[in-house]
Amino acid sequence: MHQTWRRSLQLRVVTITLVASSLLVGGFAYLIADKLTNILLENAETDVLLRLQNGSDYASKQFNLYSQPQEAQLQDTIDGTVNYLAGGDPAQTSGVVVAITADSFAGLIEARTSPDVQVRPLISRELRASVAAGNVAHQVRTGTLDGERTKYLVYGSPVPTRFGQLELYYLVPLTRQDTTAADARATVVATGVALVLLLGLLAALVTRLVVTPVRVAARTAQRLSAGLLDQRMVVNGEDDLALLAASFNQMATNLQRQILRLEEMSRLQRRFTSDVSHELRTPLTTVRMAADLIFAERDEFDPAVARSAELLQAELDRFEELLTDLLEISRFDAGFAMLDSEPTDLVPVVHRVAERLAGLAERVGVAIELDLPDSPVIAEVDPRRVERVLRNLVGNAVEHGEAKPVRITLGVDPSAVAITVRDHGVGLKPGEEKLVFNRFWRADPSRARQTGGTGLGLSISLEDARLHGGWLEAWGAPGQGAQFRLTLPARAGDRLTTSPLRLVPADAALPFGGPRSGGPLAIGPGSGAGALAIGPAEDDDRAEVSS
């Protein structure tokens with residue numbers, strides 16, 4: 001229900017309309033019913049009051065013939081007066097009860113009612129006291145006179161005589177008024193319910209007219225985002241919704257044209273890079289042969305010429321590496337890169353990479369330290385690509401190590417293997433961890449390369465990691481060095497959820513100074529450290545670090 005409420009605009013609009021209209025109509029219905037009930041009661045009170053005044057005048061004239069309450073004819077006159085006043089009612093069958101009482105003359109004058117019923121329970125003590133004090137008073141009382149419980153309007157008035165005061169009461173049933181008020185309330189409620197339902201239906205229809213094109217636009221946008229660039233909305237009419245559909249279609253057409261243009265440009269660019277790389281192979285081979293011949297005979301040349309031959313040889317080596325990397329990048333861009341996975345022990349791979357870079361490390365004064373398990377670490381990977389990734393990572397660490405040790409750590413768990421390469425060089429500034437995998441990016445453009453790299457190594461390494469379904473991540477802080485982590489699934493095709501090794505090294509200092517205590521490190525903007533996570537967001541270890 002919560003999801004339906006959040007997702008359905010039509011449901012929310014109809015519900016709000018129903019609730020608001022119900023409250024509004026209910027309020028009006030209550031006011032109308034209350035007003036109608038008050039009007040009916042006022043009319044009944046006016047009618048009874050008029051009868052009471054006439055009856056009081058008539059009874060006063062009849063009783064003024066007597067000067068003493070003990071006179072024998074007085075009781076008969078009271079009986080006749082009560083019957084006359086009750087019989088004078090034009091609606092004699094309406095249940096009106098007339099009573100004359102004489103509380104001041106108890107034992108001398110008996111109370112009389114017409115019809116003969118017991119009215120004492122319906123005449124309260126307060127009402128009798130008020131009438132005995134000479135006031136005209138009334139109350140609404142509910143009681144049983146003729147076997148059925150009924151609401152009565154009880155009016156009382158004093159009747160002055162020569163010998164004292166009697167009391168005249170009219171008891172008028174309010175059954176007809178209650179029935180009329182109930183019928184009126186039922187009519188108002190039925191009308192209100194019908195009006196609320198009509199408003200809800202109207203809101204549903206109006207909302208549907210608006211929501212349907214929006215839903216169609218959303219479905220069309222989803223198809224467009226899925227790559228179906230020929231999807232369009234149907235345009236009906238000339239109203240605002242039709243204008244929305246036409247504008248949406250125009251936007252989709254422009255996007256399709258632009259995307260196709262960009263795809264064509266990208267395809268031409270990839271083809272150009274690939275063609276140029278292949279075409280350069282032939283002249284490069286010729287130049288290589290001539291350069292090898294000159295380099296072999298450099299001892300017989302003048303020292304300046306010999307030095308030029310050495311520089312030519314080094315630059316040709318770098319040029320060949322650049323062409324190789326460009327061809328590899330073009331294969332990744334074209335989607336032609338293939339993974340040749342096989343069960344591989346990664347321990348010898350790490351040893352092999354360390355041995356190949358030992359000469360460079362010795363030349364720049366960097367020691368390569370290994371932290372490897374004693375047992376084999378088997379994973380289904382492409383050993384050629386993994387070795388290339390490690391060569392790039394270790395080569396970069398050696399180049400930026402500032403004559404400090406570079407440590408390679410290999411970790412494994414049941415679902416993944418991970419390799420970290422840690423250096424203690426200049427590190428990465430905040431934000432640079434997002435750029436380190438960009439093509440041809442250098443942290444310090446003025447810095448001379450010790451390894452003669454092409455600037456494409458980390459980009460190719462990132463593509464190799466993605467091809468395995470793994471992650472390649474970077475962490476760095478100014479003055480604390482950097483650490484790169486390669487995480488690969490132990491079985492080809494598995495989905496990674498965590499890494500056996502931490503991305504942030506244990507010896508990394510907190511932003512405000514001091515060594516890590518082993519707990520999570522949260523790094524934010526301006527903290528002087530950062531990390532870039534390339535891969536799914538489910539990695540619990542990477543969730544501890546934000547750039």
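This is a predicted model: local features need pLDDT of at least 70, side-chain atom pairs count only at pLDDT 80 or more; totals for chains, interfaces and linings use all residues.
E402 lies in the loop that runs between helix α10, residues 383–399, and strand β9, residues 406–412. Although E402 is not a glycine, its phi is positive, at about 55°. A403 is placed in the loop between α10 and β9 as well, and A403, which is not a glycine either, has a positive phi of about 60°.

## A cis peptide bond

Another loop, between β2 (112–114) and α4 (125–132), holds P115. The peptide bond that leads from S114 to P115 is cis, and its omega is near -5°.

Strand β3, which covers residues 137–144, and strand β4, which covers residues 149–160, pair in the antiparallel sense, and the pairing extends over 8 bridges. Within this pair of strands, H138 stands opposite Y155, a residue of β4.

The two strands β3 and β4 form a hairpin, with 4 residues between them. In the turn of this hairpin sits G147, whose phi is positive, at about 90°.

On the surface, four arginines, R208, R215, R219 and R223, gather in a patch of positive charge. One of them, R215, has its place in helix α5, which is made of residues 175–225.

Is R215 buried, partly exposed or exposed? R215 counts as partly exposed because its relative accessibility is 35%, which falls between the limits of 20% for buried residues and 50% for exposed ones.

## A mostly covered helix

Helix α11 is made of residues 457–467, and this helix is mostly covered, since 8 of its 11 residues are buried. Which residues of α11 are buried? They are G457, L458, S459, I460, S461, L462, D464 and A465, and each of them therefore has a relative accessible area under 20%.

Helix α11 is followed by G469, a residue whose phi is positive, near 80°.

Methods: Residues are numbered from 1 along each chain as its sequence is written. Side-chain values use heavy atoms; hydrogens and water are left out. Patches are made of residues with over 30% relative accessible area and no salt bridge: like charges are joined within 9 Å, nonpolar side chains (Val, Leu, Ile, Met, Phe, Trp, Tyr) within 5 Å. Accessible areas come from the Shrake-Rupley method with a 1.4 Å probe; for residues, only the protein chains shown count as cover. A salt bridge is a side-chain nitrogen of Lys or Arg within 4 Å of a carboxyl oxygen of Asp or Glu. Lys and Arg count as positive and Asp and Glu as negative; His and the chain ends are not counted. The place of a charge is taken as NZ of Lys, CZ of Arg, CG of Asp or CD of Glu. Buried means under 20% relative accessible area, exposed over 50%, partly exposed in between (1.4 Å probe, protein chains only). Two strands pair if DSSP finds at least two bridges between them.
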